[in-house]
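Trainee: I would like to learn how to read a structure like this one. Could we go through it together?

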Amino acid sequence: LMAVTLGGFWAWAYRAIGMDGISLVGEVDCDGLVLVMPGKGHYSDLLGDSTLLASAAMVAVIGFLETMAVGSKFAGQAKYSFDPNQELIALGLSNVGAAFFSGFPVAAGFSRTAVNVSFGA
């Protein structure tokens with residue numbers, strides 16, 4: 001938030017003194033989170049692409065494997081139980097929810113989890 005605010009102020013200051021080398025984006029046409037059925041709107045032309053299904057399956061498998069690796073490593077380290085089936089259900093439901101809001105695929109990450117664990121989260 002601070003970087004966005006500072007960048008906006010910097011761009012405004014440059015334009016105020018007459019330097020037009022930095023162009024502002026202007027008004028962004030967005031209503032925030034918009035609930036859209038997957039396959040409608042922006043991505044409807046991709047449904048006929050045969051490589052889309054293979055790519056989506058690969059992203060799902062890699063996301064699941066990374067989540068399992070992170071979960072089992074840190075569960076063993078902290079000595080708590082880890083249920084891969086429950087993790088797969090949570091991962092699948094979060095990805096289905098993200099699809100309705102044009103979100104990114106959800107998965108765990110080694111570096112994020114390691115940072116959180118090192119700070120006691």
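Trainee: Does Phe 104 count as buried or exposed?

Mentor: Buried means under 20% relative accessible area, exposed over 50%, and partly exposed in between, with a 1.4 Å probe and protein chains only. Phe 104 has 74% relative accessibility, so it counts as exposed. Its place is in the loop between α3 and α4 (110–118). Before we go on, a word on the source: this is a predicted model, where local features need pLDDT of at least 70 and side-chain atom pairs count only at pLDDT 80 or more, while totals for chains, interfaces and linings use all residues. Residues are numbered from 1 along each chain as its sequence is written, and side-chain values use heavy atoms, leaving out hydrogens and water.

Trainee: Which residues does Phe 104 touch, not counting those up to four places away in sequence?

Mentor: Contact means heavy atoms within 4.5 Å. With that sequence limit, Phe 104 touches Asn 95 and Ala 98.

Trainee: Why does Thr 67 count as buried?

Mentor: Thr 67 counts as buried because its relative accessibility is 4%. This residue is found in helix α2 (residues 50–78). Leaving out residues up to four places away in sequence, Thr 67 touches Phe 82, Glu 87, Leu 91, Ala 107 and Ala 108.

Trainee: How many helices and strands does the chain have?

Mentor: Helices (H or I, at least four residues) and strands (E, at least two) are DSSP runs, numbered from the N terminus. Here there are 4 helices and 0 strands, and the pattern along the sequence is α-α-α-α.

Trainee: What span should helix α3 have?

Mentor: The expected span is 1.5 Å times one less than the number of residues. Helix α3 (residues 84–100) has 17 residues and should span 24 Å; its end C-alpha atoms are 25 Å apart, which agrees. Just after α3, Ser 102 has a positive phi of about 55°. Helix α1 (residues 2–16), with 15 residues, reaches 21 Å from its first C-alpha to its last, close to the expected 21 Å. Gly 18 follows α1 and has a positive phi, near 95°.

Trainee: How many of the 15 residues of α1 are buried?

Mentor: The count is 1, so α1 is hardly covered. For the chain, buried residues make up 10% of its 121 residues.

Trainee: And where does Lys 73 lie relative to Phe 74?

Mentor: A charge sits over a ring if NZ of Lys or CZ of Arg is within 6 Å of the ring centre and within 35 degrees of the ring normal. Lys 73 lies over the face of Phe 74, at 4.5 Å from the ring centre.
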